[in-house]
Amino acid sequence: MDEKVYGWWLPPDVSVHGAKIDQLITVLHWFMLLLFVGWGAFFVWTLFKYRAREGHKAIYAPVAAVATKYIEGAVVVVEVFLLFGLSTPVWLAYKNNPPNDAEAVHIRVVAEQFAWNFHYPGKDKKFGSGKLDLIGGDNPLGLDPEDKDGKDDIVTINQLHIPVHKPVYVEVSSKDVIRAFNIPVLRVKQDTIPGQKIPIWFEATAPGHYEIACAQLCGLGHYRMRADVLIDTPEDYAKWEAENAPPPQEAPAAAAPDTAPDNTPAPEKK
Ligand SMILES: [Cu+2]
């Protein structure tokens with residue numbers, strides 16, 4: 001990953017919906033700057049004007065000033081406008097427009113201590129089912145080997161591959177505690193909650209190698225919940241899919257240890 005792409009300001013935006021979010025962030029920051037400078041200047045002015053000095057007596061009763069009431073009223077009006085006039089419409093436009101089911105790439109994300117599991121449905125576009133008691137070191141999602149829908153599924157750890165220029169529909173969940181799935185360059189951030197599958201979607205506009213972070217302090221290993229997101233060209237994505245399906249646990253290790261994955265370049269058809 002090229003860390004130089006992350007400068008001092010916002011990370012690069014390679015998302016279809018990112019421009020609107022950036023616009024919102026910019027407006028909010030200018031408003032916060034205005035408030036900060038305004039209230040800061042007022043604070044310094046009061047320190048000077050009401051400082052302890054000869055012939056001056058402190059007043060303990062509230063001051064009946066009219067101007068500050070108008071200013072406070074104006075701040076409330078602007079904040080209501082920011083929330084209901086700018087933020088809510090952007091959020092609703094996003095949340096009410098999930099991508100077309102047929103054309104989207106579906107991925108499930110399951111967070112755990114302290115890693116990200118990515119589950120792809122494979123060629124049949126059906127996720128294999130999982131069982132809690134099957135979860136183990138080599139089967140982090142507890143996928144049932146008997147389930148035919150799961151035969152061609154791909155499971156990766158800390159490595160998310162997505163195709164460029166294609167909507168991606170992700171359901172995020174967590175095995176244990178609340179975390180937050182955050183891909184800064186795609187302007188995606190969604191809490192992961194145990195027991196819930198929360199949908200989120202995005203579309204990348206350029207290939208590249210970036211970073212996923214956990215944006216919710218979730219334990220001692222929170223700092224190492226970094227993962228790679230690889231935005232592939234359609235050819236690279238197809239190649240990666242072919243190379244990684246079926247998943248490693250599918251290989252009949254006891255039956256044919258020598259001929260296992262090397263001689264199977266293409267995914268097996270069921
Ligand atoms: Cu975390």
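**Figure 1. Contacts of Val229 in the predicted model.** Leaving aside neighbours within four places in sequence, Val229 touches Leu160, Ile162, Ile183, Tyr210, Glu211 and Ile212. Contact here means that the C-beta atoms of two residues, placed from the backbone, lie within 7 Å. This is a predicted model: local features need pLDDT of at least 70, side-chain atom pairs count only at pLDDT 80 or more, and totals for chains, interfaces and linings use all residues. Residues are numbered from 1 along each chain as its sequence is written.

**Figure 2. The largest nonpolar core.** This core holds 35 residues. Val109 and Val229 have the most contacts inside it. Strand β1 (residues 105–112) gives the core its largest share, five residues. A nonpolar core is a set of buried Ala, Val, Leu, Ile, Met, Phe, Trp, Tyr and Cys residues joined through C-beta atoms within 7 Å. A residue is buried if 20 or more other C-beta atoms lie within 10 Å of its own, exposed if 12 or fewer, and partly exposed in between, with C-beta atoms placed from the backbone. Of the 270 residues of the protein chain, 21% count as buried.

**Figure 3. An open sheet of five strands.** The strand order is β3-β2-β1-β5-β8, with mixed pairing. β3 (154–157) and β8 (198–203) stand at the edges with a single partner strand each, so one side of each lacks a neighbour in the sheet. On average, neighbouring strands of this sheet are turned by 25 degrees against each other, direction ignored. The axes are lines fitted to C-alpha atoms, for helices over the stretch in contact, and angles run from 0 to 180 degrees between N-to-C directions. Strands are DSSP runs of E, at least two residues, and helices are runs of H or I, at least four, numbered from the N terminus.

**Figure 4. The pairing of β1 with β2.** β1 and strand β2 (residues 115–120) pair in the antiparallel sense over five bridges. Arg108 has His119 in β2 as its bridge partner. Two strands pair if DSSP finds at least two bridges between them.

**Figure 5. Domain 1 and domain 2.** The domain assignment gives domain 1 (18–95) and domain 2 (105–263). Such bounds come from an automatic or database domain assignment. Taken over C-alpha atoms, the centres of domain 1 and domain 2 are separated by 43 Å. The C-alpha atoms of the protein chain fill a box of roughly 100 × 35 × 35 Å, along the principal axes.
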